[in-house]
Amino acid sequence: MNASPALDCAPSTVLPTSACSHCDLPVPAGRRRPDQSLQFCCSGCEMVYHAIHENGLDAYYQFRDNTPETPPDSIDSDFVEFDDPHFVDHHTEDLGAGERGITFTLEGVHCSACVWLVERGLASLPGVTEARLNLARATLKLRWDASQTALSRVAQRLARLGYTPHVASESTARTVRRHEERRLLVRMGVAGASAGNVMLFAAALYAGWVDAMDPSWQALFRWLSLAATLPCIVYAAQPFFRGAWGGLRAGVLHMDLPIALGIGGGFLGGAVNTWRGAGEIYFDSVTVLVFLLLLGRYLQQRHQQQATDRAELLATLAPLAAHRIDTPRLGDAGPAQGRRVPISCIKPGDFVIVGIDERVPLDGVVVDGHSTLDASILTGESRPIDIKVGDDVWGGAINLEHPMVVRVTAALGDSRIGRIASLVDDALASTAPVVRFADRIAGGFVAVVLTLATATFIGWSIVGGGEALDHAVAVLVVSCPCALGLATPLAVQAALGKAARMGILIRHGEVLERLGAGPPPAILFDKTGTLTRGDMSVVDFRGDGRWLAHVHRVEQGISHPIARALRRYLEPYSDPTLHLESQKALPGLGVVATCDGHRIRVGSPAWAGTCTDGPARSDSEATPVAVSVEGRCVGIFALADTLKPGTEDAVTTLQRLGHRLTILSGDVPEAVRAIAEKLSIADAQGGLSPEDKLTQVKRYRENGPVVMVGDGVNDLAALAAADVGIAVHGGAETCLKAADVFLQRPGVESVRRLVEGCQATVQVIRRNIAFSLIYNVLGVALAMAGWVNPLVAALLMPVSSFVVISQSFLFHFGKRS
Amino acid sequence: MVVLYIALPLALLLAATAVAAFVWSVHNGQFDDVDTPACRILFDDDDLSPPP
């Protein structure tokens with residue numbers, strides 16, 4: 001809520017602040033009911049609260065440990081399209097015996113109380129056999145009997161509880177990833193079982209040094225160790241051998257090579273010695289090595305998966321269904337006269353009716369109706385566009401004032417959004433991956449280790465004593481870069497987790513190195529919705545304060561952004577008891593109504609009534625809205641797109657950290673210049689199309705790495721082409737595919753935290769690598785000197801890993817200012 | 001100590017059985033979500049309400 005305006009009159013009644021019984025946000029004056037114990041800040045919260053109580057689910061309030069975000073606005077959908085046979089075939093699977101299964105992605109899932117609420121809330125519906133929510137991915141696995149409960153009823157229950165369901169697209173890519181993850185887990189389990197058993201046998205052998213063991217028992221234990229190691233080497237360690245072999249064949253050296261060397265060398269040396277019946281075996285170190293390395297990989301992959309899923313979870317930009325009608329004429333019934341069909345069924349030439357506050361489903365031409373459109377998500381233009389018969393409309397834009405009938409001109413894949421998406425794919429294909437530091441030194445590492453091992457063998461052969469092979473193998477085993485292999489993945493994975501807890505979802509670890517290492521990259525910002533609120537707000541008012549409550553009442557129920565802005569601003573003064581009649585919204589002019597017996601007009605100054613005072617602000621980017629009573633002007637509001645709170649501080653900090661900042665916007669150049677001046681950003685361009693933004697990003701990339709921050713469809717291609725693309729809270733959901741980072745909390749503050757966090761992470765990675773290299777040098781030196789036996793090797797390695805692990809988890813991601 | 005000739009292979013067999021069970025449970029999808037079950041331990045079983 002904005003701070004109360006600076007006015008010369010005080011609100012008529014002052015009530016003590018009360019908190020919403022559901023979400024704990026303050027309740028605005030207009031909604032307070034002093035005679036009731038329950039207060040709600042909005043109808044969404046009120047509906048959710050009653051839904052929870054009607055179903056006896058009050059314990060929700062005991063379980064939750066986070067206050068929820070305010071419920072989404074569109075809770076009144078009835079989800080009838082979920083019962084459509086085409087939908088059922090396409091999106092649900094048949095599980096036999098009349099049961100069907102489907103996976104939904106839910107909005108608004110944030111803590112364990114949601115798990116309880118969703119699962120209990122659905123369990124009471126007849127025919128629902130399984131409802132399991134995955135908290136991390138916000139997906140609901142549902143099994144139900146369609147003959148007892150329709151899917152739409154399940155969806156309605158979910159929406160009423162505050163968790164609007166969307167169909168989760170189970171793409172083949174996701175299935176493949178899931179199977180890969182499972183295989184990795186199985187390998188890890190096998191390695192762990194192997195390591196555990198081998199270590200038990202090894203303990204027996206260690207005891208044999210203290211008190212001599214009979215050679216036949218020694219042989220038994222050694223052979224059993226070998227047997228227990230086999231599954232590990234043959235099955236679990238496969239990824240490393242295959243990676244090393246593939247790397248060698250391609251001429252690319254990476255970390256798998258020294259790892260494969262250490263594991264393979266240790267195993268072969270031990271196998272030879274077991275067969276010989278003399279010398280040391282290193283099976284315990286080798287199996288634990290494999291286990292730890294696989295553990296690192298598994299954790300890394302799991303976090304990556306979760307971030308990707310969360311980013312993909314929101315609905316697509318186009319709505320799932322549209323209202324198709326047969327005759328291209330608006331009746332009185334509005335959207336209800338159309339039949340709801342899934343959007344994939346709509347072909348070019350069909351007519352659809354788009355209601356108020358609904359998104360246009362597909363590209364088309366208006367054939368009936370006169371309205372205004374909010375296309376900011378496509379163009380960045382913050383002012384609504386006037387639309388009449390014959391105008392083109394784009395899928396994704398929001399219809400503001402009046403229902404209209406549209407003849408569809410492009411099917412789902414061919415729309416403008418689809419074409420921008422193909423630009424995105426091209427751009428994604430052209431960005432090269434970052435080469436990890438560890439991989440770069442892998443080649444040299446291997447060369448050095450092999451040389452030293454050979455030198456050890458030769459040296460000890462000269463000295464004599466038959467221990468040459470043992471010492472050479474010890475060099476290989478100790479040099480195995482377990483800590484080095486863990487250094488980067490662990491720090492990256494810990495950083496991703498910490499960032500996610502701060503509401504910053506990073507899709508892959510490369511982002512950390514791109515943002516944190518090297519000179520600070522240039523940052524390009526979109527304006528509307530990223531730096532600014534994306535919606536008009538009142539910035540000033542001059543006039544008679546007695547009429548504020550009337551203005552609020554007159555603007556009630558109008559969905560134009562100016563009306564919304566006025567209502568938001570005037571919330572503290574609202575008085576629903578004022579009598580209202582003959583309210584009429586005239587497109588392009590304003591609203592006229594009779595309120596409390598007075599004829600009131602709110603709209604453009606030329607129409608509402610001449611004002612003797614000049615406009616409150618004479619800058620061209622502020623839109624003046626005048627208020628007149630019985631034709632006499634009593635005040636003027638100035639509306640503009642305002643900066644999001646915290647933007648100025650964040651921008652200043654980023655400039656201080658050395659980043660060059662630029663604004664790229666689709667909005668008119670005057671508006672862009674005004675914002676740029678306020679933020680002291682010298683470089684700003686307006687009037688850019690999505691294709692223009694892409695060109696600009698490519699141009700800036702010639703001078704070095706580039707970060708793009710945006711929210712709308714008009715930023716998609718630019719986000720994909722930048723080295724790091726950041727999608728901002730509240731933005732177009734299709735951004736999430738093109739972006740590398742997704743900010744769940746509003747404000748540019750998160751960008752600053754991200755940048756600082758990445759720098760901290762890179763420092764930790766470097767410390768880890770430094771430490772692991774020191775360990776390797778020491779270990780190899782000891783092995784060459786002949787002081788490393790299997791027990792020493794078995795002790796050294798966990799110590800080094802432990803230090804790396806603790807370093808990775810104990811650092812601070814993003815300083816708190 | 002001769003019993004070790006029986007006990008040790010038996011122990012390895014036991015370990016193999018455990019691994020087999022583990023593999024089965026992974027492919028059954030039981031390890032796909034390891035975070036959410038941690039929340040479920042706090043829930044009571046008698047919280048079910050009468051249908052509306």
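This is a predicted model: local features need pLDDT of at least 70, side-chain atom pairs count only at pLDDT 80 or more; totals for chains, interfaces and linings use all residues.
Ser808(A) touches Ala487(A), Leu490(A), Ala491(A), Ala494(A), Lys498(A), Val764(A) and Asn768(A), leaving aside residues up to four places away in sequence.

**Ser808(A) and its helix**
- Ser808(A) belongs to helix H27 of chain A, which covers residues 790-809, and with 0% relative accessibility this serine counts as buried.
- The side chain of Ser808(A) reaches the backbone oxygen of Val804(A) at 2.8 Å.

**An enclosed helix**
- In helix H19 of chain A (residues 561-570), eight of the ten residues are buried, so the helix is largely enclosed by the rest of the structure.
- The buried residues of H19(A) are Pro561(A), Ile562(A), Ala563(A), Ala565(A), Leu566(A), Arg567(A), Tyr569(A) and Leu570(A).

**The open sheet**
- Six strands of chain A form an open sheet with antiparallel pairing, in the order S7-S6-S8-S14-S9-S12.
- Strands S7 (339-342) and S12 (392-393) of chain A stand at the edges with a single partner strand each, so one side of each is left without a neighbour in the sheet.
- Strand S9 (residues 364-368) and strand S14 (residues 404-408) of chain A pair in the antiparallel sense over four bridges, and Gly364(A) has Val408(A) in S14(A) as its bridge partner.

**Salt bridges**
- Over all chains, the structure holds 15 salt bridges.
- In one of the salt bridges, Arg143(A) pairs with Glu130(A), with the closest N and O atoms 3.9 Å apart.
- Arg143(A) lies in strand S4 (residues 139-145) and Glu130(A) in strand S3 (residues 128-134) of chain A, so the pair ties together parts that are 13 residues apart in sequence; Arg143(A) itself is partly exposed, at a relative accessible area of 30%.
- Arg324(A) and Asp350(A) also meet through their side chains in a salt bridge, at 3.1 Å from N to O.
- This pair links distant parts of the chain, 26 residues apart, with Arg324(A) in strand S6 (residues 321-325) of chain A and Asp350(A) in the loop between S7 and strand S8 (351-354) of chain A.
- Arg324(A) is partly exposed at 21% relative accessible area, whereas Asp350(A) is buried at 15%.
- Glu749(A) and Arg752(A) form a salt bridge at 2.6 Å, N to O, and, being three residues apart in helix H26 (residues 749-784) of chain A, they are separated by about one helical turn.
- Glu749(A) counts as partly exposed at 24% relative accessibility, whereas Arg752(A) counts as buried at 4%.
- Salt bridges with shared partners join Glu99(A), Glu130(A) and Arg143(A) into one network.

How values were computed. Residues are numbered from 1 along each chain as its sequence is written. Chains are lettered from A and ligands numbered from 1 in the order in which they are written. Side-chain values use heavy atoms; hydrogens and water are left out. Helices (H or I, at least four residues) and strands (E, at least two) are DSSP runs, numbered from the N terminus. Buried means under 20% relative accessible area, exposed over 50%, partly exposed in between (1.4 Å probe, protein chains only). A polar contact is a pair of N or O atoms within 3.5 Å; within protein, one must be able to donate a hydrogen and the other to accept it, and residues adjacent in sequence count only if both atoms are side-chain atoms. Contact means heavy atoms within 4.5 Å. Two strands pair if DSSP finds at least two bridges between them. A salt bridge is a side-chain nitrogen of Lys or Arg within 4 Å of a carboxyl oxygen of Asp or Glu.
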